[in-house]
Amino acid sequence: MTVTFDFHDRHVLVTGGSNGLGLAMARGFHTAGAQVTITGRREAAEEYDEDLSGFRYVRCEMTDRAMIADLASGLDRLDVLVNNAGQNLVGRGEWDPDVFEEALTINLTGAFRLSTACHDLLAASPGGGSVINLGSMTSFLAVDLVPGYGAAKAGVVQLTKTLAAAWAKDGIRVNAVAPGLIETNMTAKMVANDAAVAPTIARTPMRRVGTPEDIAPVVMFLASGAAPFLTGQTIAVDGGFLIQG
């Protein structure tokens with residue numbers, strides 16, 4: 001079954017849209033007619049292996065307050081904000097308080113700063129603006145390797161509720177998507193290791209790892225006119241992983 005959306009004359013910002021989940025979302029919105037801005041950590045779009053020529057590219061570090069402010073101030077219009085940029089710092093050890101704090105900044109504080117900086121543009125969106133945040137299975141389940149990432153992603157769920165309640169009066173809907181294990185650059189080593197991925201697949205009723213293309217249409221639905229009465233919700237797109245208690 002092919003699902004189509006119409007985002008013509010809509011302006012979309014996808015943070016971390018240079019690869020993985022973010023790129024799938026950016027491509028989905030672009031194919032549906034939107035004008036899409038993406039962010040990444042490299043100086044220029046040409047430095048990535050993927051073809052990003054269909055998007056406006058802006059370098060932005062989610063730990064840099066000035067870059068976040070510049071990103072928002074450089075937008076003339078915004079209808080949809082996808083707070084996708086994120087990173088776990090397992091390789092550096094998130095039990096170190098400084099690394100823990102950095103993980104919070106990347107995955108939670110940065111999204112809050114950008115959302116509030118874009119509030120007025122979203123409020124001015126014809127038909128209403130939409131924010132979609134990216135959660136995780138660690139929003140709900142403890143993973144002791146990533147205490148900072150997990151705390152941040154749990155915070156994303158609560159932040160989504162709070163922004164939704166505060167901004168409904170401004171015509172802005174705020175929702176979140178919590179992906180299960182998705183095959184991306186970040187998870188490639190785990191997915192390639194049959195022993196490492198087997199417990200997750202065994203717990204997942206659909207018995208497979210997800211793809212970015214499983215996530216993008218759900219994000220687009222939340223941002224679309226098909227969800228006008230839906231706000232403050234976090235949708236787990238996980239093949240049923242969470243229901244296997």
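Student: Before we start, what should I know about the model and the numbering?
Tutor: The model is predicted, so local features need pLDDT of at least 70 and side-chain atom pairs count only at pLDDT 80 or more, while totals for chains, interfaces and linings use all residues. Residues are numbered from 1 along each chain as its sequence is written, and side-chain values use heavy atoms, with hydrogens and water left out.

Student: How do the axes of H3 and H5 cross?
Tutor: Helix H3 covers residues 97-117 and helix H5 covers residues 147-167; their axes come within 8 Å and cross at roughly 20°. Axes here are lines fitted to C-alpha atoms, for helices over the stretch in contact, with angles from 0 to 180 degrees between N-to-C directions. Helices are DSSP runs of H or I with at least four residues, and strands are E runs of at least two, numbered from the N terminus.

Student: Roughly parallel or roughly antiparallel?
Tutor: H3 and H5 are roughly parallel to each other, because angles under 35 degrees count as roughly parallel, over 145 as roughly antiparallel, 65 to 115 as roughly perpendicular and the rest as oblique.

Student: Which residues in H3 meet H5?
Tutor: Among them are Phe 100, Leu 104, Asn 107 and Phe 112 in H3, which meet residues in H5 including Tyr 149, Val 156 and Trp 167. Contact means heavy atoms within 4.5 Å.

Student: New topic. Where is the kink in H3?
Tutor: The kink is centred on Thr 105 and is about 45°. The bend at a residue is the angle between axes fitted to the seven residues ending there and the seven starting there.

Student: Is Asn 107 buried or exposed?
Tutor: Asn 107 counts as buried because its relative accessibility is 3%. Buried means under 20% relative accessible area, exposed over 50%, and partly exposed in between, with a 1.4 Å probe and protein chains only.

Student: What is Asn 107 in contact with?
Tutor: Leaving aside neighbours within four places in sequence, Asn 107 is in contact with Gly 86, Gln 87, Tyr 149, Ala 152, Lys 153 and Val 156.

Student: Which elements do the buried residues of H3 pack against?
Tutor: They pack against strands S1 (11-14), S4 (80-83) and S5 (129-134), and against helices H2 (65-73), H4 (119-123) and H5.

Student: And how do the axes of H2 and H3 cross?
Tutor: They come within 9 Å and cross at roughly 30°. Arg 65, Ile 68, Leu 71 and Ala 72 in H2 meet Gly 110, Arg 113, Leu 114 and Ala 117 in H3.
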